[in-house]
Amino acid sequence: MSLPVLPAPSPGAAAEAAHAEEPGRRRARRLPARYRAVALGLAALAWVGLYVVIAPFSEWLAGDVFGLDARSHVGSAVRFFVFETPKVFLLLVAVVYVIGIIRTFFTPERTRALLAGRREAVGNVLAAMLGIVTPFCSCSAVPLFIGFVESGVPLGVTFSFLISAPMINEVAVVLLLGLVGPGVTALYVGTGLTIAIVSGWVIGRLRLERHVESWVYSVKVGAGAQPRELSMPERLRAGATAVREIVGKVWPYIVGGIAIGAWIHGYVPERALAGILGKGAWWAVPAAVLIGVPMYSNAAGIIPIVQALLGKGAALGSVLAFMMAVTALSLPEMVILRKVLRPRLLAAFAGIVALGIIAVGYLFNALL
Amino acid sequence: MKLEILGPGCVRCQRLAENTKAAVAALGLEADVVKVEDIATIMSYGVMATPALVVDGQVRLSGRVASAAEIGQLLTA
């Protein structure tokens, strides 16, 4: 390829010019530590203030400004929307910010080093848990898969990571927590981890290594970057970037989802769905999984709807299965993984995860 | 100077490429900015999280979209 071309003046001059600019830029951008602490404290205080004000504000808006009766259809729908929307966004900003900071401590390189050569079982548990905190985007699933497998992370352990990372993500957890409640959120996270651990372990037992595309093993993996230790201001900035990127991407789905949820909330009669989505319908769980698969990346929009369905008599197990199918089994990710997995292994992966989700669905329909 | 943007062609990779070009233009550097989408080449740099920025064969950034200002600092450091 082309040789390095030196900049037209001299490299020294360019570097000097950059240095001359440096102090001013630094002063403008980096606040001293104690101002930063004060700014963070003020932001936290403002957050709490806003959170406390939401309930009376939404009452006032729906009742006094719009003059809506809380018992009417439109009244209960509007109340739901004006209360839940700001609440969910406040929770989302706070949680995405904190998770964004936590994630700067867990790079994929560090996770791989923790998992390489790990025995199965212990490795599956560790991989599923690291999947929650390691930054992951399904668009880099292929380089991550190759990087893991080639450095000696067992195949099943790699899958435990690949299953838990998209399933237990901060957006899904915040929406569940804010809209449905801590009990269901704990169930979702707990059963999600279990599915990731068990599915990965089963895939490992099945000895499917030969169904990985053979070119994967001939790729030469370089040493990579030595991840530099970030400073605290850099970590805080990473949190802010995460808020901008994630909230910027999902907000239309959330607003849309809450609007549909609000409509269901106000207009669909109580128990209307007990017949079709209730415990009695044996086919509801597999059907929920089948419908969930093509709804990739819309967890943000789907959870508010799901919450409303729960209120109208849908069974918890079917609903959990549906949410898990949305987040864990996505068509685009399958297409991406097909580059490194032969059809048999891809089918085994999708089939085992789907079975796990269906089992969870039936279990909770039977228990609750 | 040779700058390579590694990534399978997602939106984030696009944005990193744009920011890099902006940084190069702002600093008046003469540099080749190339997008690399081939997995084997990406792996040869040992990158597991895309997008990544490679400067003259050295991985300087991976797994995030840096701002043009940050890339500028990185190129002049």
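Student: In which order do the four strands of the open sheet in chain B stand?
Tutor: This is a predicted model, in which local features need pLDDT of at least 70, side-chain atom pairs count only at pLDDT 80 or more, and totals for chains, interfaces and linings use all residues. Residues are numbered from 1 along each chain as its sequence is written, while chains are lettered from A and ligands numbered from 1 in the order in which they are written. Strands (E, at least two residues) and helices (H or I, at least four) are DSSP runs numbered from the N terminus, and two strands pair if DSSP finds at least two bridges between them. In chain B the pairing is mixed, and the four strands form an open sheet in the order 2-1-3-4.

Student: Which strands of chain B stand at the edges of the sheet?
Tutor: From one strand to the next, the twist averages 25 degrees. An edge strand has a single partner strand, so one side of it is left without a neighbour in the sheet. In chain B these are strand 2 and strand 4 (58-62).

Student: In which sense do strand 1 and strand 2 of chain B pair?
Tutor: Strand 1 spans residues 2-6 and strand 2 spans residues 32-36. B:Leu6 stands opposite B:Val36, and B:Ile5 has B:Lys35 as its bridge partner. Over five bridges, the two strands of chain B pair in a sense that is parallel.

Student: What is the handedness of the β-α-β crossover from strand 1 to strand 2 of chain B?
Tutor: The chain leaves strand 1 of chain B, passes through helix 1 (residues 11-27) and reaches strand 2. With the strands pointing away from the viewer, a clockwise path from the first strand over the helix to the second counts as right-handed. The crossover in chain B is right-handed.

Student: In which sense do strand 1 and strand 3 of chain B pair?
Tutor: B:Leu3 stands opposite B:Val55 in strand 3 of chain B, and B:Leu6 has B:Ala52 as its bridge partner there. Strand 3 of chain B covers residues 52-55, and over four bridges its pairing with strand 1 is antiparallel.

Student: Within what arc do the buried residues of helix 13 of chain A fall?
Tutor: A residue is buried if 20 or more other C-beta atoms lie within 10 Å of its own, exposed if 12 or fewer, and partly exposed in between, with C-beta atoms placed from the backbone. In helix 13 (residues 284-292) of chain A, A:Ala284, A:Val285, A:Ala288, A:Val289 and A:Gly292 are buried. Seen down the axis of helix 13 of chain A, they line one face of the helix, because the arc, taken from the directions from the helix axis to the C-beta atoms, is 140 degrees.

Student: How many C-beta neighbours inside 10 Å does A:Ile357 have?
Tutor: A:Ile357 lies in helix 17 (residues 343-367) of chain A. From C-alpha to C-alpha, A:Ile357 and A:Ser318 are 9.6 Å apart in space, although they are 39 residues apart in sequence. A:Ile357 counts as buried because its number of C-beta neighbours inside 10 Å is 27.

Definitions and conventions
Axes are lines fitted to C-alpha atoms, for helices over the stretch in contact, and angles run from 0 to 180 degrees between N-to-C directions.
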